[in-house]
Amino acid sequence: MTLLLPPLARLIRSAEGVGLVATARQDPPPLESCERRHCASSLKTQSLTLTEVAIVASDLDRHRRLLEYLAMMAPGTPLRDGFERILRGRTGALVVLGRNKIISQVSTGGFALDVAYTPTALRELAKMDGAIIFDWEDGRIVRAGVQLMPDPSIDTVETGTRHRTADRVSRQSGLPVVSISASMSTIALYLDEHRHLVEHSDQILTRAHQALQTLERYRGRLWEVTTRLSSLEVQDQVTVRDFALVAQRLEMVRRLEDELDTYVVELGTDGRLLTLQLHELRAGINELRCLLERDYRPPGSTGFGLVGLQHLNTNELLDPLTVARDAGFPNSVHLEAHVTTRGFRQMAQINRLPSYLGDRLIEHFGTLQALFGASANDLQAVEGVGESRARVIRDGLVRLAESAYTERVSQQLT
């Protein structure tokens with residue numbers, strides 16, 4: 001029996017189960033393999049301070065560990081079925097998920113079982129006083145009716161006997177411990193010195209729908225500022241502030257996506273429709289983030305990128321200057337300083353143009369403005385560009401220029 005399902009696998013499987021196909025014609029085309037490798041490597045080379053790296057890494061590890069256990073206890077899983085049976089029976093329970101030397105040292109009494117886990121077995125064993133030791137990796141209940149005696153000097157803010165024991169055992173052993181309250185009808189997970197309440201699906205869905213509506217509004221605003229940036233790029237009038245405004249929105253959208261990913265994991269089988277909506281809304285976002293970094297990364301820079309925005313608090317994220325600094329622009333550069341795009345994102349919007357050819361064109365001409373000034377013969381000097389493809393590229397560049405002009409007129413009228 002496999003109880004632990006990584007969050008990403010759950011998202012993929014639930015999407016595949018309903019034949020999900022993402023289409024978003026207004027978004028940039030998907031990155032091909034070479035661009036994906038470039039963006040992945042750029043994330044690895046972006047540098048924060050050692051302290052910031054340690055904080056971000058530890059937070060990510062804790063969050064990933066929490067998501068794994070929430071996925072294991074999500075609605076529709078065997079473990080959640082067992083917990084729900086205990087709640088309906090109003091007996092309460094204390095369940096240790098895993099075993100190690102410390103658990104053996106703090107455990108006294110009880111019965112050695114070593115039986116296969118089933119929801120009904122967990123329910124029946126919970127009728128006895130004492131804790132249940134469940135080795136989820138092997139899918140075996142190894143002990144039941146156990147009295148746990150953790151170190152009483154471990155600080156805890158819990159008041160109930162069962163909750164205090166669960167908190168202390170989790171802190172001392174490093175293992176997750178679940179406390180099921182009969183009087184409150186709640187399931188609490190103690191993990192990494194934190195208490196996480198495992199809520200009912202309807203409570204999670206209410207918050208998830210609010211977050212989804214917020215994501216829709218943020219995404220709409222993101223495409224507005226991105227369209228404006230495209231117009232300014234064609235006119236070669238981009239400033240650091242314009243880049244920062246798009247970076248702000250991308251980070252806001254990313255944080256909402258992370259929150260919704262957590263809801264999807266907690267909902268389990270009840271989050272199917274939420275998964276579909278989230279998958280559609282996030283189409284093109286990662287590609288936009290990677291292309292934006294490639295367009296504005298200074299030559300030879302290894303510390304430029306949007307990953308530096310992840311540790312900013314809300315007030316810092318709303319400050320364009322702070323965003324520009326943490327993205328990698330030098331302290332000497334002010335918000336109204338002119339910056340030039342290389343044109344990767346614009347080239348990705350030209351239909352029927354492979355990404356590798358877009359890269360070759362950018363590398364050959366250097367900037368987007370140089371591409372606009374190139375003739376058909378100039379374009380054919382690039383390897384892989386023939387007469388017909390040169391016409392496609394020229395037509396695409398003309399459409400980009402016309403779109404920028406239309407956007408400029410629209411802004412003047414408003």
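**Reading the interior**

Reply: The structure holds one cavity of 30 Å³ or more. On a 1 Å grid over the protein atoms alone, a cavity is a set of points where a 1.4 Å probe fits but cannot get out, and lining residues have an atom within 4 Å of a point. This is a predicted model, in which local features need pLDDT of at least 70, side-chain atom pairs count only at pLDDT 80 or more, and totals for chains, interfaces and linings use all residues. Residues are numbered from 1 along each chain as its sequence is written, and side-chain values use heavy atoms, with hydrogens and water left out.

Me: How much space lies in the largest cavity, and which residues line the largest cavity?

Reply: A volume is the space filled by probe spheres set on the grid points, which are joined across faces, edges and corners. Here that space is about 40 Å³. The lining consists of L70, M73, A74, R80, V198, E199, I204 and E266.

Me: Where is the place of P176, and is P176 buried or exposed?

Reply: Buried means under 20% relative accessible area, exposed over 50%, and partly exposed in between (1.4 Å probe, protein chains only). P176 has a relative accessible area of 0% and is therefore buried. Its place is in the loop between α7 (161-173) and β6 (177-181); helices (H or I, at least four residues) and strands (E, at least two) are DSSP runs, numbered from the N terminus.

Me: Which residues does P176 touch?

Reply: Contact means heavy atoms within 4.5 Å. Not counting residues up to four places away in sequence, P176 touches R65, Y69, V95, V96, L97, S170, L189, Y190 and L191. P176 and Y69 are 107 residues apart in sequence, yet 8.3 Å apart in space, C-alpha to C-alpha.

Methods: On a 1 Å grid over the protein atoms alone, a cavity is a set of points where a 1.4 Å probe fits but cannot get out, and a pocket is an open set with protein on both sides within 12 Å along at least five of seven lines; lining residues have an atom within 4 Å of a point.
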